[in-house]
Amino acid sequence: MGIKGFVEGGIASIVAGCSTHPLDLIKVRMQLQGETQAPNLRSEFAFHPNSVHRPPPPARTGPIAVGVKLVRQEGVTALFSGVSATVLRQVLYSTTRMGLYDMFKKKWSNPNTGGNMPLTRKIGAGLISGGIGAAVGNPADVAMVRMQADGRLPPAQRRDYKSVVDAITRMAKDEGVTSLWRGSSLTVYRAMLVTASQLASYDEFKEMILEKGVMRDGLGTHVTASFAAGFVAAVVSNPVDVIKTRVMNMKVEPGAAPPYSGALDCVLKTVRAEGPMALYKGFVPTITRQGPFTVVLFVTLERVRKLLKDF
């Protein structure tokens, strides 16, 4: 049953990832808004007797405005920039986490409660599965973020990756193999939070709906439980997602210090320059994407399970 769980989870993840890719791209663009205004903390805390008032950062735009601007400047096809990296990410990351979670679920379920797994074990299974999946899929994640963000740069600074393979190859050649795991700690933390909240919440909401007799085990139950799970996952993971996006997207010039020395430095500079709510930048497109993604993911998963139940 172990391999079957990986196949089912992989198929559902690829379908969900591709169908919601434009929303994910808009989310990434919003999370990078205002990044160039991030100040150097040492200079900010230093005493400047002749300092002048810093002009306010440009106004932030919402997801619709970001999407419209993107289409006008880069074309409709830009909405699918980096989709090849999304497919590879789902193959590596999501297939691993979904398959491992399914294995833990089968092993840790309590037969005395109809095969259900206690919430604490669901969270534990999600944390472990998400962490391992993120470590496996980090190169594709870095490539996806860079390909999605490339269009916002001036033409002279764009990386212009042709595909996810080209992106990974050039990163390894120009910046070293370790660049493929840049921000991996953040990716792992985010994946642990997302998987624990998303998969555990879905199972918990689904079980509650069925136990209370609100709905039968069908499309309505799957949609309701998955959308609720998507909301929980978005709230929990957004701050880590913002920092992960910025660390992965930073451009390191030869001989120059990187914009961020690490995750904590990125948090401090982001909050200092843009305020604590900057950690929830892109939340609207996050929940707009996370909701449909989770719905498509679990609805597809339930259908694939039915199709493959005899295998």
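Q: What is the relative accessible area of Asp160?
A: In this predicted model, Asp160 has a relative accessible area of 48% and is therefore partly exposed. Buried means under 20%, exposed over 50% and partly exposed in between, for a 1.4 Å probe and protein chains only.

Q: Where does Asp160 lie?
A: Asp160 belongs to the loop that runs between α6 and α7 (164-175). Helices are DSSP runs (H or I) of at least four residues, numbered from the N terminus.

Q: And what is the phi of Asp160?
A: The phi of Asp160 is positive, about 55°, although this residue is not a glycine.

Q: Before going on, which residues and atoms count?
A: Residues are numbered from 1 along each chain as its sequence is written, and side-chain values use heavy atoms, without hydrogens and water. Local features need pLDDT of at least 70 and side-chain atom pairs count only at pLDDT 80 or more, while totals for chains, interfaces and linings use all residues.

Q: Moving to cavities, how many of 30 Å³ or more are there?
A: The count comes to 4 cavities of 30 Å³ or more. A cavity is a set of points on a 1 Å grid where a 1.4 Å probe fits but cannot get out.

Q: What volume has the largest cavity?
A: The volume of the largest cavity is about 130 Å³, taken as the space filled by probe spheres set on the points.

Q: Which residues that line it are the closest to its centre?
A: The largest cavity is lined by 13 residues, and Met98, Tyr101, Phe298, Leu301 and Arg305 are the closest to its centre. Lining residues have an atom within 4 Å of a point.

Q: Which helix gives the most to the lining?
A: Helix α5 does, with 4 residues in the lining of the largest cavity. At least two residues each come from α1 (2-19), α5 (83-108), α8 (184-211) and α11 (283-307).

Q: And the lining by class: how many nonpolar, polar and charged residues?
A: The lining of the largest cavity has 6 nonpolar, 2 polar and 5 charged residues. Ala, Val, Leu, Ile, Met, Phe, Trp, Tyr, Cys and Pro count as nonpolar, Asp, Glu, Lys and Arg as charged, and the others as polar.

Q: Staying with α5, at what angle do α5 and α6 pack?
A: Helix α5 packs with helix α6 (residues 119-149) at about 170°, and their axes are 8 Å apart. The two helices are therefore roughly antiparallel, a term for angles over 145 degrees. Their contact comprises 17 nonpolar, 9 polar and 5 charged residues.

Q: What is Thr95 in contact with?
A: Thr95, a residue of α5, is in contact with Phe6, Gly10 and Gln90, leaving aside neighbours within four places in sequence. Contact means heavy atoms within 4.5 Å. Thr95 is buried, at a relative accessible area of 16%.

Q: At what angle do the axes of α9 and α10 cross?
A: The axes of α9 (residues 219-249) and α10 (residues 263-274) cross at roughly 110° and come within 10 Å. These helices are therefore roughly perpendicular, as angles of 65 to 115 degrees are called. Ile243, Arg246 and Val247 of α9 meet Ala263, Cys266, Val267, Thr270 and Glu274 of α10.

Q: Is Asp265 buried or exposed?
A: Asp265, in helix α10, is buried, with a relative accessible area of 16%.

Q: Last one: how many residues of α2 are buried?
A: In α2 (residues 21-31), 10 of the 11 residues are buried, so this helix is largely enclosed by the rest of the structure. Among them are His21, Asp24, Lys27 and Arg29.

Methods. 1 Å grid on protein atoms, 1.4 Å probe; cavity = no way out; pocket = protein on both sides within 12 Å on 5 of 7 lines; lining within 4 Å. Axes fitted to C-alpha atoms, helices over the stretch in contact; angles between N-to-C directions. Parallel < 35°, antiparallel > 145°, perpendicular 65-115°, else oblique.
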